[in-house]
Amino acid sequence: MTDDDTAPDPGTAVRVRVNGAVHELQVPGRLSLADALRERLHLTGTHLGCEHGVCGACTVLVDDRPVRSCITLAAACDGSDVVTVEGLAGPVADAVREAFAAEHGLQCGFCTSGMLMTAVDVVTRRPDATPDDIRHELGGNLCRCTGYVNIVRAITRAAADLGTITADAGTAVTIGGRA
């Protein structure tokens, strides 16, 4: 055994783009992306719920894919592009935020950041998603307020407002008098 065996972990150098800004961090090998975002970069919009990757409150986009930041190691994100709820921008994000407000999809707010991240992913990746598809896509995001009906309506509305889907009369989606 040498003195180096008991030395503290010096960490790993990580270069990551977060919400468009490049950050160079020295992170311990076991630091989660969520903790790095919240504690190192002070981006507290990413919430920690279960810390086991089950509830989805910590969802962020890494290289345009939703990930559970509580079970993603910060060191594994070296060279990645990360978007948090604070960095959501553009027409899809605007439509999703407006639809969540209009459809009362915000509830208590604890799950909202993860729901918004997943919603932006769904509207972007599956622009023709049906309400059943949206419910399936939200399977990794838990809402303790049981506001799923309003959240699904909000995502459907955002996609419709963007003109990416047309509501099918057979699915009985009616939002504010629009089919």
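Modeller: A disulfide is a pair of cysteine sulfur atoms within 2.5 Å. The structure has 0 of them. C111 is in no disulfide, and the nearest cysteine sulfur, that of C143, is 4.1 Å away. C111 counts as buried because its relative accessibility is 8%. Buried means under 20% relative accessible area, exposed over 50%, and partly exposed in between, with a 1.4 Å probe and protein chains only. C77 is also buried, because its value is 3%.

A word on the source. This is a predicted model, in which local features need pLDDT of at least 70 and side-chain atom pairs count only at pLDDT 80 or more, while totals for chains, interfaces and linings use all residues. Residues are numbered from 1 along each chain as its sequence is written, and side-chain values use heavy atoms, leaving out hydrogens and water.

Now the layout. The chain holds 5 helices and 5 strands. Helices (H or I, at least four residues) and strands (E, at least two) are DSSP runs, numbered from the N terminus. Their order from that end is β-β-α-β-β-β-α-α-α-α. Of the 179 residues, 42% count as buried.

Helix α2 (residues 91-102) is the one to follow. The axes of α2 and α3 (residues 112-125) come within 10 Å and cross at roughly 125°. Axes are lines fitted to C-alpha atoms, for helices over the stretch in contact, and angles run from 0 to 180 degrees between N-to-C directions. The two helices are therefore oblique to each other. Angles under 35 degrees count as roughly parallel, over 145 as roughly antiparallel, 65 to 115 as roughly perpendicular, and the rest as oblique. The crossing of α2 and α3 is right-handed: the near helix is turned clockwise from the far one by less than a right angle.

From α2, the contact uses V92, A93, V96 and F100; from α3, it uses M115, L116, A119, V120, V123 and T124. Contact means heavy atoms within 4.5 Å. By class, this contact has 9 nonpolar, 1 polar and no charged residues. Ala, Val, Leu, Ile, Met, Phe, Trp, Tyr, Cys and Pro count as nonpolar, Asp, Glu, Lys and Arg as charged, and the others, Gly among them, as polar.

Helix α2 also packs on α5 (residues 148-161), at about 140° with the axes 8 Å apart. That angle makes α2 oblique to α5. This crossing is right-handed. A95, V96, A99, F100 and A102 of α2 meet I151, A154, I155, R157 and A158 of α5. The classes are 9 nonpolar, no polar and 1 charged.
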